[in-house]
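Me: Please walk me through a few features of this structure, one at a time. I would like the general idea first and then the case at hand.

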Amino acid sequence: MIQRRTLLKSTAAAALATPALGGFAQQSVTLKFHTFMAPQSNVWLNMHKTWMDKVEKDSGGRIKFEGYPAMQLGGTPVQLYDQARDGVVDVVWTLPGNTAGRFPRVEVFELPFMMTNAEATSKAYWDYVQTLAADEFKDTQVIALQVHGPGVIHTAEKPVRTVNDMRGLKMRAPTRQVTKLVAALGATPVGMPLPQIPDALSKGTIQGCVIPWEVVPSVKVHELTKFHAEFDPAGGSLYTTTFVMAMNKAKYNSLPPDLKKVIDANSGMATSAWLGKVQQGGDVAGRKAAADRGNNVFTVSASEAQEFRRRSRQIEVEWVEDMNKRGFDGRKLLEGARGLIEKHTRGTKA
């Protein structure tokens, strides 16, 4: 009889415990995703939303997202990384270069004529941070690191066919290193976040900007400029910009183990490469938008690109010196990044 009562008590206890365990196993979470990109942009529609949809599907609907493009949760693009760090939001996608000099080691990918294609260079960027700059984003849980396609010069009234055509133009540049590049080419750089470009162009505050083709339609640059100078791939890519998708560490650590695995499976080199490839894939539509308006699209030849390279070479030297002053081995970082780009380019179709 005693044994029977003990068995009944044990069975009842197990029955009561099971729902609690099951409830933990089925724990769900809603994450707020915040970025500056416009809701109609290629980045938001084909990268961010697609990534969020995949995470939701892989989690069986237990991870859900509230997506907020165009800084809908407030603040400025410059504040996005800290919003993720501080838990104001859960996940962000932003430019490390929005805060000049804060993430200096990843600036190596923004040096003139460093990148090849966005997929390979994004792989190299992820690889580089894991091996040569592991603490660069230590305040957050990094999901992906990527770059956009080759940078293009867009001007309102004056075409750029040679490096001398840049002289005197007021040009928007996105980051510290690209600002130096614009200055080295003879233009006057004007720093501002991407969403401010249309107003600045329409008011004449700037006479042009450097951005990749894919983002052109979302900020109406094809409507506000008439001339576009792209570079023949044989001569190299003028520049690119680095991005980071980062998650609040405490939020990540609070996830049950199986949901952490879902985030992990949608993070890393493969996700970084996919983001880079999709972003550069949007270049075709951006270029077509400009061509369809009858704008002049000029290709800088490989031979003419050599003069752009020559004028901008000092930027690389200065970056190495800056890293050395900060206590890093600048030459090692530069050669490491270049070697990784070459390695991943060999294994990735452009």
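Reply: Let's begin with Ala70, which counts as partly exposed because its relative accessibility is 37%; buried means under 20% relative accessible area and exposed over 50%, with partly exposed in between (1.4 Å probe, protein chains only). This is a predicted model, in which local features need pLDDT of at least 70 and side-chain atom pairs count only at pLDDT 80 or more, while totals for chains, interfaces and linings use all residues. Residues are numbered from 1 along each chain as its sequence is written, and side-chain values use heavy atoms, leaving out hydrogens and water.

Me: Where is Ala70 found, and what is its phi?

Reply: Most residues other than glycine have a negative phi. Ala70 has a positive phi, near 55°, and is found in the loop between strand E2 (63–68) and helix H3 (80–86). Helices (H or I, at least four residues) and strands (E, at least two) are DSSP runs, numbered from the N terminus.

Me: Is Met71 buried or exposed?

Reply: Met71 is buried, with a relative accessible area of 12%. Met71 is found in the loop between E2 and H3, and its phi is near 55°, a positive value.

Me: In what order do the five strands form the open sheet?

Reply: Strands of a sheet pair through backbone hydrogen bonds, either parallel or antiparallel. Here the order is E2-E1-E3-E10-E4, with mixed pairing; two strands pair if DSSP finds at least two bridges between them. E2 and strand E4 (140–147) stand at the edges with a single partner strand each, so one side of each has no neighbour in the sheet. From one strand to the next, the twist averages 20°.

Me: In what sense do E1 and E2 pair?

Reply: Strand E1 (residues 29–35) pairs with E2 in the parallel sense, over six bridges. Lys32 stands opposite Glu66 in E2, and the bridge partner of Thr30 in E2 is Lys64.

Me: Which residues touch the most other members of the largest nonpolar core?

Reply: In soluble globular proteins, nonpolar side chains tend to be buried together. The core here has 99 residues, and Tyr128, Phe137, Ile153 and Phe308 touch the most other members. A nonpolar core is a set of buried Ala, Val, Leu, Ile, Met, Phe, Trp, Tyr and Cys residues joined through side-chain atoms within 4.5 Å. Leaving aside neighbours within four places in sequence, Ile153 has contacts including Val160, Met166, Phe227, Leu238 and Phe308, where contact means heavy atoms within 4.5 Å.

Methods: Axes fitted to C-alpha atoms, helices over the stretch in contact; angles between N-to-C directions.
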